[in-house]
Amino acid sequence: MSNQARHRMSELINEIRDHQFKYHVLDAPSITDALFDGLLLELKGLEAKHPELREADSPTLGIGGGFATSFTQYDHIEKMMSLDNVFDLAELASWFDRVEKEVSKPTYLCELKVDGLAINLTYESSQLVRGLTRGNGVTGEDVTLNVKTIKNLPHVLVGATIPSLIEVRGEVFFPLAAFNELNDALEELGKPLFANPRNAAAGSLRQKDPRVSAARPLSVVVHGIGAHEGVEFVSQSAAYAALKEIGLPVSDRFTLCATRAEVEKYVEHYGLHRHDVEHEIDGVVIKVDSTAAQTQLGFTSRAPKWAIAFKYPPEEVTTRLLDIKVSIGRTGRVTPFAFMEPVKVAGSTVTNATLHNGSEIVRKGILIGDLVVIRKAGDVIPEVLGPVIERRTGSEVAFVMPTHCPECGSLLRAISEGDVDIRCPNARSCPAQLRERIYYIGSRAALDIDVLGYEAAAALLDAKIITDESDLFHLTREKLATSEFFMKKDGKAGSVIGKNAEKLLEALAKAKSAPLWRVLVALSIRHVGPTAAQALATHCGSIAKISSSNAQELAEIDGVGSTIADSIIEWFSIDWHQEIIAKWSAAGVRVQQEALAQLPQTLAGLTFVVTGGLESYTRDSIAETIIAHGGKAASAVSSKSDYVLVGSDPGSKLAKAQEIGVPVIDEARFKELLAGR
């Protein structure tokens, strides 16, 4: 039995170290956190049964991540500990029992466990002198120059009581809004995407050139203290208050709990609302608040006994990739997606996940039949992160992108040289593209018609009530009555027109008076989203003016540029696209900009770029407000920008504004400008 245990322990140690290297050095984990925790727990169990077989440098005794890299390494003044984990309330109750056996009626501090990159910041005489990664807990990598590019991290501490020396522990993270913005930009450029915000944070912080780090909107939150001189703290909460007073970024989401029930309520709350936070979290950290009680409880070789991490169910899980299929989007783009064995992730069961494009499948090395790691955060479409290569059996096969459209049979091709996507060129009659375009017209980004969902779009086309989007605004009750989807059963009269049909007709009538920019978005012109559409509507004033402009004139419009201009010229050059405009116009759809003279033009001549979330406006409504008061809403920061309006969790646009000296304002100042002050 001891030989079997020794063999298994050796296997586990090698496997764990391999995964630690992939996670800490390559920033490319190949298994989920949950699977890694399982390996570590198995090794701990075997070591408990066979203590004589435990190696002196076992991963269970260290922190992990101590590998040689190209960065200079330094020792932490005081060791950076890790945290032990619990995964359910029963395990948490056992931890409570151990704590309360030693400490009578402790107060607990609960805080969010940020899923980022651990950092150790050393301040001497108020100055930030070094930033180190966790490394192996004893030695970390020097990333000081890159850390100094983080906007919310002070280089110099302020206040009346500044310690002569202090090590501050924290977490560097990528705000979710900025992460999505970065990946959207990378995908548009055909570049590899970051798998998740944690990898984006790690990759951004560990750049050889600090200017690359500076261009990424990293943020940091501090949550602990190492070595310190010239100051003492009676509690964790008092320490946080002191850190905040001297200018360090402390989370405002921590809370003190007097009972276990209060702790459990906090855990439950963020389990339900984890996606309402601006950054990713993978659990909650519970600490005994009193510093004296912390000292009394002490440490194990790797973690404090006075703190525990409650880990939420993983949002990265593994499942079997059964097949790879493709879908055709509204602009003809061919997107491969994974068809998988059903698996529950982030509270829902999924069978499909996006693979973006053929190049991404090759880059990630995914084969049909692989065990794959998938990720789903909130309402985001699940994504395949990569294969678990060590679990391959040899039966896996490579995916080959189709040469013909699976819906209409057209030969697929790249539209332009260097395009990472292939597309179906049969835009007019490809059933898939038609469905997607009709569905998109009803989306919030376009005409915002709730009842024009995917099923309604399919029903209109299947029953041949419409041939394409040009017929949409000519629908009648009589035409809708030819489809069972729009009918309902009536005991006396048989089938009668349904409420969904009545609502659709009402919504279409209302949509005819939608702002011009929404009509432009609804046309599905490639690259023309809300921001570009608003710029076009404001500058040109009508679809007729847009269609008669040349590429240079369009490209010079702030917020448009040459790529969008070329796409617009191409779209309007197609005869049946002109038919859509003519039919919509004949049906009463607005094809000219609405007169805005009735509103005070307090923003006339001013160009605004908006980044981050605002309290009083949605993304669309802030642009509409700017335009309605005479201003311009641009998508990119340039020397032509007058202001960058910054909300919560701003993206890279804030860094660009600061770099080129464009004034940055908050929502309160914007409202003052709006009022003419």
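Contact means heavy atoms within 4.5 Å of each other. Helices (H or I, at least four residues) and strands (E, at least two) are DSSP runs, numbered from the N terminus. The model is predicted: local features need pLDDT of at least 70, side-chain atom pairs count only at pLDDT 80 or more, and totals for chains, interfaces and linings use all residues. Residues are numbered from 1 along each chain as its sequence is written, and side-chain values use heavy atoms, with hydrogens and water left out.

- Four strands make an open sheet with parallel pairing, in the order 20-19-21-22; two strands pair if DSSP finds at least two bridges between them.
- Three bridges join strand 19 (residues 607-611) to strand 20 in the parallel sense, and T607 has K632 in strand 20 as its bridge partner.
- Helix 24 (residues 667-674) lies across strand 19, strand 21 (643-646) and strand 22, at about 130° to strand 21. Such angles run from 0 to 180 degrees between N-to-C directions, and axes are lines fitted to C-alpha atoms, for helices over the stretch in contact.

**A helix pair**

- Helix 3 (residues 89-102) packs against helix 9 (residues 260-272) at an angle of about 145°, with the axes 12 Å apart.
- In this pair, L89, L92, A93, F96, D97 and E100 of helix 3 meet R260, V263 and E264 of helix 9.
- The residues of this contact are five nonpolar, no polar and four charged. Ala, Val, Leu, Ile, Met, Phe, Trp, Tyr, Cys and Pro count as nonpolar, Asp, Glu, Lys and Arg as charged, and the others, Gly among them, as polar.

**Salt bridges**

- The structure holds 25 salt bridges, each a side-chain nitrogen of Lys or Arg within 4 Å of a carboxyl oxygen of Asp or Glu.
- One of them joins D282 and K113 (3.5 Å, N to O); D282 in strand 10 (residues 281-288) and K113 in strand 3 (residues 108-114) are 169 residues apart.
- D282 is buried, at a relative accessible area of 10%; buried means under 20%, exposed over 50%, and partly exposed in between (1.4 Å probe, protein chains only).
- Another salt bridge pairs R428 with E579 (3.2 Å, N to O). R428 is partly exposed at 38% relative accessible area, and E579 is partly exposed at 37%.
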